[in-house]
Amino acid sequence: MIKRKVVLTFPQNLLDKTITYRLIKDYDLIINILKANITPKEQGVLVLEIEGKKQKLESGLDYLRDSGITVQALINDIKWQQKKCIHCTECVTVCPTGAFAVNRQTMQVEFNKKKCIACGLCINVCPYRAIEIVI
Ligand code: SF4
Ligand code: SF4
């Protein structure tokens with residue numbers, strides 16, 4: 001048995017798919033939902049811990065990819081380089097937990113590390129590379 005922590009990003013048309021049920025029933029996997037969220041762009045984000053036999057786990061992940069779901073490994077942590085940030089709010093738009101948010105008084109982007117689940121969705125959208133993966 002092996003365990004993986006993954007971030008699943010769903011397009012709008014797959015939001016109602018019963019994917020966790022399929023993973024349990026068809027692939028004998030044990031699913032622990034660590035976080036579930038719908039972003040403002042109507043994308044679904046699920047953070048799962050999946051446990052099962054290696055072959056079945058890989059097949060289950062292939063099923064997700066074949067269904068049009070983006071599967072990413074959960075990263076360890078992120079680091080915000082505040083000095084590089086120009087407060088464009090791109091990260092705020094994709095962050096499913098509100099860890100990146102706009103302070104309405106200062107109109108500046110702020111990062112609340114306690115809310116971050118290390119899904120990594122903000123890293124690629126930052127045009128100034130102000131968000132880095134911590135390995
Ligand atoms: S990694 Fe980025 S997008 Fe994901 S929760 Fe943390 S701050 Fe938000
Ligand atoms: S995407 Fe990058 S530059 Fe834009 S607000 Fe977020 S951290 Fe700052």
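Predicted model: local features only at pLDDT ≥ 70, side-chain atom pairs only at ≥ 80, totals over all residues.
Because Glu58 lies in helix α2 (residues 54-66) and Arg4 in strand β1, the pair ties together parts that are 54 residues apart in sequence. As a general point, side chains of opposite charge can pair when their charged atoms come close. By the rule applied here, the count for the model comes to six salt bridges.

## The chain and its elements

The secondary structure of the protein chain comes to three helices and eight strands. Read from the N terminus on, these elements follow one another in the order β-α-β-β-α-β-β-α-β-β-β. Along its principal axes, the C-alpha trace of the protein chain spans about 50 × 30 × 20 Å.

The domain assignment divides the protein chain into domain 1, which covers residues 2-73, and domain 2, which covers residues 77-134. Taken over C-alpha atoms, the centres of domain 1 and domain 2 are separated by 24 Å. Where the two domains meet, 10 residues of domain 1 are in contact with seven residues of domain 2.

Domain 1 and domain 2 bury about 730 Å² between them, and 68% of this area is on carbon and sulfur atoms. On the side of domain 1 that touches domain 2, the elements that give two or more residues are β1 (2-10), β2 (30-38) and β3 (44-52). By class, that side of domain 1 has four nonpolar, four polar and two charged residues.

## The surroundings of the two ligands

Around ligand 1 there are 13 residues, of which Cys95, Cys116, Cys119, Gly120 and Cys122 come nearest. Sorted by class, the shell around ligand 1 has 11 nonpolar and two polar residues, and no charged residues.

Ligand 2 also has 13 residues around it, and here Trp80, Cys85, Cys88, Cys91 and Cys126 come nearest. The shell around ligand 2 has 10 nonpolar residues, together with two polar residues and one charged residue.

Terms used:
Residues numbered from 1 in each chain as written. Chains lettered and ligands numbered in written order. Heavy atoms only, no water. Domains from an automatic or database assignment. Contact = heavy atoms within 4.5 Å. Buried area = accessible area lost by both parts, 1.4 Å probe. Helix = DSSP H or I, 4+ residues; strand = E, 2+ residues; numbered from the N terminus. Nonpolar A, V, L, I, M, F, W, Y, C, P; charged D, E, K, R; others polar. Near = heavy atom within 4 Å. Salt bridge = Lys/Arg side-chain N within 4 Å of Asp/Glu carboxyl O.
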